[in-house]
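Good morning, and thank you for the time.

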Amino acid sequence: MTKTWGILVLGQLVSFSLACGGAAQATLHWECDFSAPTLSTTFVYLLMFLFLIPVYCRKRKLLSDSDNEKIDNDDHKMTTSPCRNGSKCITTSLSNSLPKIILNPGKPKQSSSMWSYFFVALLDVEANYITVLAYKYTTATSVNLLDALAIPSSMILSRFALKRVYRSVHVTGAVVCIVGIVINVYTDYHIENERISSGGSDDDILMKEENEYPHRLFGDILGLFAGVLWGVNNVAQEYLIQEGGDPMEFLGMLGMFGSLISIFQVVLLERGDFLSLIAQSSKGEMKVSTVNQK
């Protein structure tokens, strides 16, 4: 029971952190005119990459202890061989193990294949990218609601891939989730349709929101696609870990491949945004220094 409550509390903390991150992304876009979805998550993957350091050290230690134990066992391994006088002599043998251990001490092995880690990291990076990109076109509330599509999509996929069996209460929760998503998308579609047909709203608050998010429906589509990707990604992660994967190694590999994919994507798609951010920062520092001089 205590473990269940601990999982629930940690899940709520993760959800709160994701909501704060979404609000920060929306604020960066509208207050600072900056939107670089991949760049904003690259540093997270770099930090996750550090998980590989204790994993590597632990596996090296286990491998070394295993090799030493093998040598000790071979030291005490007694064999019999014929002596010159025809009787049997007892001898010990190290020739079968010691040279191999000295010449080839071995390296720590991954729990899963490198391609599996790469595929999961690619899914994770693109799901993050599309989610953050959606904040540029629709409200943070809509994005967070639409990301909940990960729940029914992961349930459907895990039913076939992992042979999961769900109770009626789980299915009911998924249906409620889908109904909420449909209502949210329909509302945004209605607002955008009304804006196009009438040229705007009389309400000042709605008018401001319409001006900030003129392409809400496109943002909703991005949010829906991101939710499906999150569902596929969650099932793939669960499959890797359940197949004997080490969670620490998984986080480290996800960080390593996620960092490489993110850096490549930043150079390919967000190089201009990154350079403009540096240029704006330089101009801001110049303005501050000019004001201080006056």
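The model is predicted: local features need pLDDT of at least 70, side-chain atom pairs count only at pLDDT 80 or more, and totals for chains, interfaces and linings use all residues. Residues are numbered from 1 along each chain as its sequence is written, and side-chain values use heavy atoms, with hydrogens and water left out.

First, the layout. The chain has 12 helices and 2 strands, where helices (H or I, at least four residues) and strands (E, at least two) are DSSP runs numbered from the N terminus. Along the sequence the pattern reads α-α-α-β-β-α-α-α-α-α-α-α-α-α. Of the 294 residues, 34% count as buried, that is, under 20% relative accessible area with a 1.4 Å probe and protein chains only. Contact here means heavy atoms within 4.5 Å. Of the contacts in the chain with a separation of 6 or more, 80% are accounted for by residues 24 or more positions apart.

Helix α1, residues 2-32, reaches 44 Å from its first C-alpha to its last, close to the 45 Å expected; the expected span is 1.5 Å times one less than the number of residues. Its buried residues are G22, Q25, A26 and H29, and they pack against α2 and α5. After α1 comes D33, whose phi is positive, near 55 degrees. Helix α2, residues 37-49, reaches 19 Å, close to the 18 Å expected. Among its buried residues are P37, T38 and Y45.

Now the interior. A nonpolar core is a set of buried Ala, Val, Leu, Ile, Met, Phe, Trp, Tyr and Cys residues joined through side-chain atoms within 4.5 Å. The largest one has 15 residues, and those with the most contacts inside it include Y117, F250 and F257. The elements that give two or more residues to this core are α2, α5 (114-134), α10 (216-242) and α11 (247-269). The largest share, 6 residues, comes from α11. Apart from this core lies another, of 13 residues, among them Y129 and L229.

Which residues does F257 contact, leaving aside its neighbours within four places in sequence? They are M114, Y117, F118 and A121. Helix α11 also holds Q265, which counts as buried because its relative accessibility is 8%. With neighbours within four places again left aside, Q265 is in contact with T38, V125, E126, Y129 and E270.

On a 1 Å grid over the protein atoms alone, a cavity is a set of points where a 1.4 Å probe fits but cannot get out, whereas a pocket is an open set with protein on both sides within 12 Å along at least five of seven lines; lining residues have an atom within 4 Å of a point. The search finds 1 cavity of 30 Å³ or more. About 40 Å³ of space lies in the largest cavity, and Q25, H29 and P37 are among the residues that line it. The largest pocket has a volume of about 1600 Å³, a volume being the space filled by probe spheres set on grid points, which are joined across faces, edges and corners. This pocket is lined by 40 residues, of which V14, L18, N128, W230 and N234 lie nearest its centre. The largest share of that lining, 9 residues, comes from α1.

Notes:
Buried means under 20% relative accessible area, exposed over 50%, partly exposed in between (1.4 Å probe, protein chains only).
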